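Dear colleague,

I am handing over the structure below for your files.

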Amino acid sequence: MHRFLSVSLLAFLVAIPNLYAAPHGSEVRHVLLISVDGLHALDVSRYIGSHPGSALAELASHGITYSNARTPANSDSFPGLLALVTGGSPISHGLFYDVSYDRSIFDPTNTTCAGAPGNMMVFDESIDLYDSANVSQNVINPAALPRHLVNGQCMPMYPHNAIRANTIFEVVKAAGGHTAWADKHPAYDLVNGPSGKGVDDLYTPEITNVNGFDATASVVCTVENDQKKVTAILNEIHGLTHDGKPGAGVPTVFGMNFQAVSVGQKLAQDNSDGSCADDVGPLKGQPGGYLDGSGTPTAVLAYGLQKTDDALRSMINALKSQGIYESTLFIVTAKHGQSPINPVKVNKPGHFADLVATLPDATTNPAAIAIANANNCSTGACGFVQDDDIALIWLQGQNISTSRVAAYLNANAKGLFIDEVMAGDELKLKFNNPATDSRTPDIIVQPVYGTIYTGSSKKNAEHGGFSFGDTNVGLLVSNPELGAHVVKTPVATSQVAPTILQDLGLDPSALKSVRIEHTEVLPGLPE
């Protein structure tokens with residue numbers, strides 16, 4: 001969003017090699033990036049239409065609404081966030097899921113990296129350091145991390161070590177800017193990028209404690225967890241650190257994720273176990289999600305949307321009170337959507353490998369046996385099966401060709417609720433060759449829309465796949481000097497990253513993913 005500056009001022013800026021000395025000049029001094037996880041483009045449109053005085057409506061009144069934005073690849077939280085901050089997809093940043101597989105790494109207990117490489121790559125709440133009461137200390141436990149060889153040394157692989165591309169935080173920091181981010185797990189060390197130092201102020205209050213309190217059982221407790229991060233953002237807008245201590249000033253790039261909408265979409269029954277002590281009102285026991293295929297939210301989801309909008313309003317007010325609203329580019333989008341929207345489409349037949357095991361020849365067909373073995377592999381070079389509303393299959397260590405397994409799945413597509421099997425040449429059209437890329441699955445299964453490969457009674461929606469509900473997310477880019485426009489041209493959320501750098505007067509091609517994937521800036525913004 002470059003704007004004309006006076007010749008004298010432009011000369012002054014060019015003369016000083018700082019963050020804002022862009023060739024065309026820019027009045028954007030800060031970027032606030034918000035991911036409302038699960039937020040569909042439809043949710044944005046409906047909410048603004050029914051809440052004309054809302055924060056989202058204000059942002060849209062002087063912003064570009066991209067109503068046809070999609071995530072660039074599968075819609076798990078990790079690749080979803082990395083699209084926003086690297087400008088790429090697993091093609092360049094190398095991460096398909098928070099729990100995935102890498103043919104080149106070792107189990108956390110294999111501290112010498114002995115034997116054949118290949119192991120699950122786990123970067124979820126299970127890698128936290130916990131106390132005796134199963135409360136996360138909001139830091140990573142190195143002993144829980146997979147191992148990898150670095151210059152011949154067997155070392156823990158932190159999430160930031162797993163990224164193959166740099167982030168906007170690293171680029172901004174290298175140019176002299178200050179950076180901050182807040183997210184739902186300590187595993188979001190991820191955003192630090194390969195340097196491990198991209199984010200100056202990283203705040204990751206755990207939302208899901210293993211064998212302990214899980215805030216996501218209740219939309220009310222999820223909102224309370226979100227509020228911790230909102231408080232962090234408000235502190236940073238006032239030039240403080242996330243916890244209110246003296247800071248280095250307002251960050252150049254900062255932001256957070258919200259979970260309340262995602263949880264409100266998923267819950268089959270709010271606070272069903274009664275674990276959220278503050279959730280004792282009318283929402284308790286009520287279903288989440290949508291009432292119909294048109295996207296009418298239930299009361300549980302409506303609460304998540306309202307509280308998220310209230311939080312956005314508090315950020316807008318803080319920016320105004322600090323006199324930086326006009327110099328801040330405010331971006332609201334989502335790592336991922338959620339599916340299905342239509343509640344009658346929900347189909348939860350069980351985990352993918354368990355379904356395969358029910359086929360008549362499951363105990364004799366080599367393809368079925370290979371899937372079972374990969375699914376039952378808990379450690380080592382024997383493959384892995386990950387599923388949600390997608391199934392990712394790694395066949396390392398299974399003595400069978402990928403084509404034979406893919407043919408078997410296609411032959412049994414109806415019983416397995418499969419819409420598409422991606423393998424071989426078709427998979428290589430979209431992703432790196434699994435024969436040469438240690439992370440790429442051998443097979444990706446997209447189920448029929450509405451199918452979630454789970455038997456869980458706790459959730460009625462999920463993300464991770466390629467469906468329209470999973471990938472069509474809200475995207476709003478706002479600044480008081482912009483007019484209100486809707487862009488219906490298809491765009492990808494990966495275009496957010498180069499747009500952020502360009503609007504700060506930095507070169508988008510400083511991002512490796514942008515160079516590899518030729519990611520363009522978002523259309524429709526002034527230059």
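Searching the whole structure, which is a predicted model, gives three disulfides. One of them joins Cys-113 and Cys-154, with 2.0 Å between the sulfur atoms. The S-S torsion of Cys-113 and Cys-154 is about 75°, so this disulfide is right-handed. The pair links distant parts of the chain, 41 residues apart: Cys-113 lies in the loop between strand E4 (99–102) and strand E5 (119–122), while Cys-154 belongs to strand E9 (residues 153–156).

Next, the pockets and cavities. The largest pocket holds about 960 Å³ of space. Its lining counts 32 residues, and those closest to the centre are Asp-214, Thr-216, Lys-266, Lys-459 and Glu-462. By class, the lining of this pocket has 12 charged, 13 polar and seven nonpolar residues. Helix H9 (residues 260–266) gives the most to this lining, with three residues.

There are two cavities of 30 Å³ or more. The largest cavity has a volume of about 60 Å³, and helix H10 (residues 299–321) supplies the largest share of its lining, four residues. Seven nonpolar residues, one polar and one charged make up that lining; among them are Val-36, Leu-39, Tyr-47, Leu-56 and Val-261. Thr-308 and Asp-309 also line the largest cavity.

The second largest cavity has about 30 Å³ of space. Its lining divides into five polar residues, three nonpolar and one charged. The residues concerned are Ser-339, Asp-389, Gln-446, Pro-447, Val-448, Tyr-449, Gly-450, Thr-451 and Ser-467.

Last, the sheet. Four strands form an open sheet in the order E14-E15-E17-E16, and the pairing is antiparallel. Strand E14 (384–387) and strand E16 (418–423) are at the edges with a single partner strand each, so one side of each has no neighbour in the sheet. From one strand to the next, the twist averages 15°. E14 and strand E15 (residues 391–394) run antiparallel and are joined by four bridges. Across this pairing, Asp-387 stands opposite Ala-391 in E15. Helix H13 (residues 402–411) packs on the sheet and touches E15, E16 and strand E17 (443–447). The direction of H13 makes about 170° with that of E16.

Regards

Notes:
Residues are numbered from 1 along each chain as its sequence is written. This is a predicted model: local features need pLDDT of at least 70, side-chain atom pairs count only at pLDDT 80 or more; totals for chains, interfaces and linings use all residues. Side-chain values use heavy atoms; hydrogens and water are left out. Two strands pair if DSSP finds at least two bridges between them. Helices (H or I, at least four residues) and strands (E, at least two) are DSSP runs, numbered from the N terminus. Axes are lines fitted to C-alpha atoms, for helices over the stretch in contact, and angles run from 0 to 180 degrees between N-to-C directions. Contact means heavy atoms within 4.5 Å. On a 1 Å grid over the protein atoms alone, a cavity is a set of points where a 1.4 Å probe fits but cannot get out, and a pocket is an open set with protein on both sides within 12 Å along at least five of seven lines; lining residues have an atom within 4 Å of a point. Grid points are joined across faces, edges and corners, and a volume is the space filled by probe spheres set on the points. Ala, Val, Leu, Ile, Met, Phe, Trp, Tyr, Cys and Pro count as nonpolar, Asp, Glu, Lys and Arg as charged, and the others, Gly among them, as polar. A disulfide is a pair of cysteine sulfur atoms within 2.5 Å.
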